[in-house]
Amino acid sequence: MPIREDLAELLDPAYTVLLTVECQQGVVGTDSALPELADAARTSGALVNVARLVAAAHESGVQVVHAVAERRPDGRGANRNARLFRAAERLPVQQLSGSKAVRIAPPIEVADEDLVVRRLHGLSPVAGTEVDPLLRNLGCRTLLVTGVSANVAIPNAVFDAVNLGYTVAVPKDAIAGVPADYTPAMVRNTLALVATVVTTSDVLAAWKRPRRG
């Protein structure tokens with residue numbers, strides 16, 4: 001099916017930035033601190049779809065930004081004001097700065113032109129990080145949000161980006177959460193109200209479409 005004209009315009013490579021959220025080895029890799037989430041990201045095909053989108057972005061000239069959550073070994077600056085943060089402190093795999101756990105997980109490939117934004121605090125990949133000023137300097141109009149988790153970080157990223165004035169698109173097959181049936185429910189009942197829901201194939205088709213010029 002041909003890509004819709006409005007979708008091609010929305011995802012114009014000149015004004016679109018692809019954001020990957022917490023697609024790091026300690027989260028979605030084989031040695032994840034959250035094996036249920038890692039399994040969901042892999043068995044659903046979400047992680048592979050993120051990798052496909054990143055590869056296509058590199059080919060199409062779309063800027064890629066990788067948002068990574070990490071922690072200092074001494075824990076300085078980290079939140080402790082929610083059960084999620086306190087539970088993370090007890091996990092056998094820690095997202096320590098400079099460790100393998102905070103490297104981007106295969107099969108996603110990081111190019112030299114990609115930007116990696118690391119945060120030591122909070123739940124959001126956008127609020128309180130360098131992401132917003134970077135997007136503005138890049139001339140971003142549409143933020144394409146991918147990664148994990150549909151439970152926490154993805155909705156945070158979507159809401160924050162919308163509140164900051166960006167148009168957001170979410171490839172529903174390139175995000176994952178737990179349990180497996182929660183992700184489509186979140187997309188249908190929440191994210192679809194504020195973002196344009198697409199598929200990986202939609203995005204790939206839009207980026208392959210000849211530009212008018």
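Modeller: Helices (H or I, at least four residues) and strands (E, at least two) are DSSP runs, numbered from the N terminus. Counted that way, the protein chain has 9 helices and 7 strands. The radius of gyration, taken over C-alpha atoms, is 16 Å, close to the 17 Å that the globule rule (2.2 Å times the number of residues to the power 0.38) gives for 213 residues, so the chain is as compact as a globular protein of that length. Its C-alpha trace spans about 55 × 35 × 30 Å along the principal axes.

Two notes on the source come next. This is a predicted model, in which local features need pLDDT of at least 70 and side-chain atom pairs count only at pLDDT 80 or more, while totals for chains, interfaces and linings use all residues. Residues are numbered from 1 along each chain as its sequence is written, and side-chain values use heavy atoms, with hydrogens and water left out.

Buried means under 20% relative accessible area, exposed over 50%, and partly exposed in between (1.4 Å probe, protein chains only).

With strand 4 (residues 142–148), strand 1 pairs in the parallel sense over 6 bridges, and L19 stands opposite V145 of strand 4. Strand 2 (residues 63–69) is joined to strand 1 by 5 bridges, and these two strands also run parallel. In that pairing, L18 stands opposite V64.

Consider now the loop between helix 1 (5–10) and strand 1, where D12 is located. D12 counts as buried because its relative accessibility is 14%. Its side chain reaches the backbone nitrogen of A14 at 2.9 Å. This is a polar contact, that is, a pair of N or O atoms within 3.5 Å; within protein, one must be able to donate a hydrogen and the other to accept it, and residues adjacent in sequence count only if both atoms are side-chain atoms.

How values were computed. Two strands pair if DSSP finds at least two bridges between them.
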